[in-house]
Amino acid sequence: MTDDELSCETIFPARQPLERGEIGRFLVQSDLDYEPGVEVFVVFRREGTLVACAGLEKNIVKCVAISEELRGESIGLKLLTEIVGLAQDRGYSHLFLYTKPDNVPFFRGCGFYPLVEVPGRVAFMENTPVGLPSYCTRLRGEAKSGGKIGAIVMNANPFTLGHLYLIERAAAECDWLHVFVVAEEASLFSYRDRFAMVSEGTARVARMTLHHGSSYMVSRATFSSYFFKEKGIVGDCCTAVDLLVFRNWIAPALGVTHRFVGTEPFCPTTRKYNADMHHWLAEAASPAAPVETVEIPRLTYGETPISASEVRRLLAEKDFAAIAHLVPPTTLDFLQTRWCAPAMTAA
Amino acid sequence: MKVVREALAGTLESNDLLVRVSPGRGEGYELVISSEVKHQFGPQIEATAKEVLARLAVSGGTVVIEDKGALDCTIRARLEAAAMRACAVEAADIDWSKLK
């Protein structure tokens, strides 16, 4: 087989319905689903026939398939070179992918490194040997001594009295508490604003470190369905990858023994995530020590549990009198002066 | 020459290498080599890479090499290209005398 029989092209499925259908049929032959979130594909053809494809959804490589008769040739390396170059052109250098555990050696040969594996189900990889390991080395510098070290991962969209209550309760129970703010920009409030709200709102909490979030926790890469709740059911593996990254990498780096979470009365995705925590952080087989999940009942105002989504609803109505009961003064000040005021002057 | 952006050079194909240079912390650089022939040629690849990075005085970056059994001349060329892209060197400003 010589290379010149192969041609390579880039396909944008949103604009190329014929090719999209062709890729869909090709993926079926490899037992893969067409992922509607893929924005762009690289495909290889031989004499017009599709023989290999790989897709990109932001910084996640998806839908990698090679026709059976070409496997074992070097087309996989060409395919991955093309997709890595295409991702770079689109502004994504740090890439992730999910694959069957059997395919790990193939992707390992293409510059991807395994992070966690759900045995028999899925493996999660990134395209750098100095990604998650370096991140954990930096975290290790922030570790504190103590027998009970807690962690909370929160989106704080926006930061409410419920979040503050969870942090205060957890901090009171622990020798030290590490709080991470979800870094993904997929919420009403920007990461910068959410981080500022948590930082200002927790200024007086003792024995607590506030950390910047990363791609490695509740991110588009580790837990994409959290950000796309409307797009179908959350699979088991989806929460498993995020939670195993936490248990196998992040918790050991900081010496975390307990993960705290508020009970979830409203959102089914978050509720499932909380339920899965007990399993993946403790019960599931793992090389890392178990992390105990502690669910703390939500703070209520009147009869109703305080939720960020309710605050967002009230914010749309500019009902600051009602919001004042649900958020700390620092958040209220932010919402009134920095969030709403510029919008009003612009209007 | 300071690394100011992420850059790639090369491919993952046989007898080539993919070099990725990205901004890092502090002075100097971090070099990570992954090679299919590391057990045989690891020290030689490392020496070649360090020689190129020192000659170009690359600092403040992480350099990751995915080697597929490339010759030394290929390693030099890919490293030079990736480093100059990452340091935002314009073609007109290239100091050709530093490139052997």
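A salt bridge is counted here when a side-chain nitrogen of Lys or Arg lies within 4 Å of a carboxyl oxygen of Asp or Glu. By this rule the structure holds 20 salt bridges over all chains. The model is predicted: local features need pLDDT of at least 70, side-chain atom pairs count only at pLDDT 80 or more, and totals for chains, interfaces and linings use all residues. Residues are numbered from 1 along each chain as its sequence is written, chains are lettered from A and ligands numbered from 1 in the order in which they are written, and side-chain values use heavy atoms, with hydrogens and water left out.

**Chain B sheet**

Helices (H or I, at least four residues) and strands (E, at least two) are DSSP runs numbered from the N terminus, and two strands pair if DSSP finds at least two bridges between them. In chain B, four strands form an open sheet with mixed pairing, in the order β1-β2-β4-β3. Its edge strands are β1 (7-10) and β3 (29-35) of chain B, each pairing on one side only. From one strand to the next the twist averages 10°; for angles, axes are lines fitted to C-alpha atoms, for helices over the stretch in contact, and values run from 0 to 180 degrees between N-to-C directions.

β3(B) and β4 (residues 61-67) of chain B run parallel and are joined by seven bridges. Within this pairing, Ser34(B) has Glu66(B) in β4(B) as its bridge partner. Helix α1 (residues 38-55) of chain B touches β3 and β4 of chain B, and its direction makes about 150° with that of β3(B). Helix α2 (residues 72-86) of chain B touches β1, β2 (17-23) and β4 of chain B, at about 160° to the direction of β1(B).

β1(B) and β2(B) run antiparallel, joined by four bridges, with Val21(B) in β2(B) as the bridge partner of Ala7(B). The two strands form a hairpin with six residues between them, and Asn15(B) in the turn has a positive phi of about 70°.

**Chain A sheet**

Chain A has an open sheet of seven strands with mixed pairing, in the order β1-β2-β3-β4-β5-β7-β6. The edge strands are β1 (6-11) and β6 (113-118) of chain A, each of which pairs on one side only. Direction ignored, neighbouring strands of this sheet are turned by 20° against each other on average. Seven bridges join β2(A) to β3 (residues 49-57) of chain A in the antiparallel sense; Arg46(A) has Thr49(A) in β3(A) as its bridge partner. α1(A) packs on the sheet and touches β1, β2, β3 and β4 of chain A, its direction making about 100° with that of β3(A).

**Interface and salt bridges**

The contact between the chains takes 17 residues from chain B and 18 residues from chain A. About 1400 Å² is buried between chain B and chain A, and carbon and sulfur atoms give 55% of this; buried area is the accessible area (1.4 Å probe) that two parts lose on being put together, summed over both. On the side of chain B, Leu12(B), Glu13(B) and Arg20(B) lose the most area to chain A, together 36% of what that side buries.

One salt bridge is counted between chain B and chain A. The table gives its atoms' separation beside that of a salt bridge within chain A.

| Salt bridge | N to O distance |
|---|---|
| Glu13(B) – Lys78(A) | 3.1 Å |
| Glu35(A) – Lys62(A) | 3.5 Å |

The pair in chain A links distant parts of the chain, 27 residues apart: Glu35(A) is in the loop between α1 (17-29) and β2 (40-46) of chain A, and Lys62(A) is in strand β4 (residues 60-66) of chain A.

**Backbone exceptions**

Most residues other than glycine have a negative phi, and most peptide bonds are trans. Lys318(A), not a glycine, has a positive phi of about 55°, and its place is in the loop between α10 (308-316) and α11 (320-323) of chain A. Asn157(A) and Pro158(A) are joined by a cis peptide bond with omega about 0°. Pro158(A) lies in the loop between β8 (149-154) and α5 (161-173) of chain A.

Notes:
Contact = heavy atoms within 4.5 Å.
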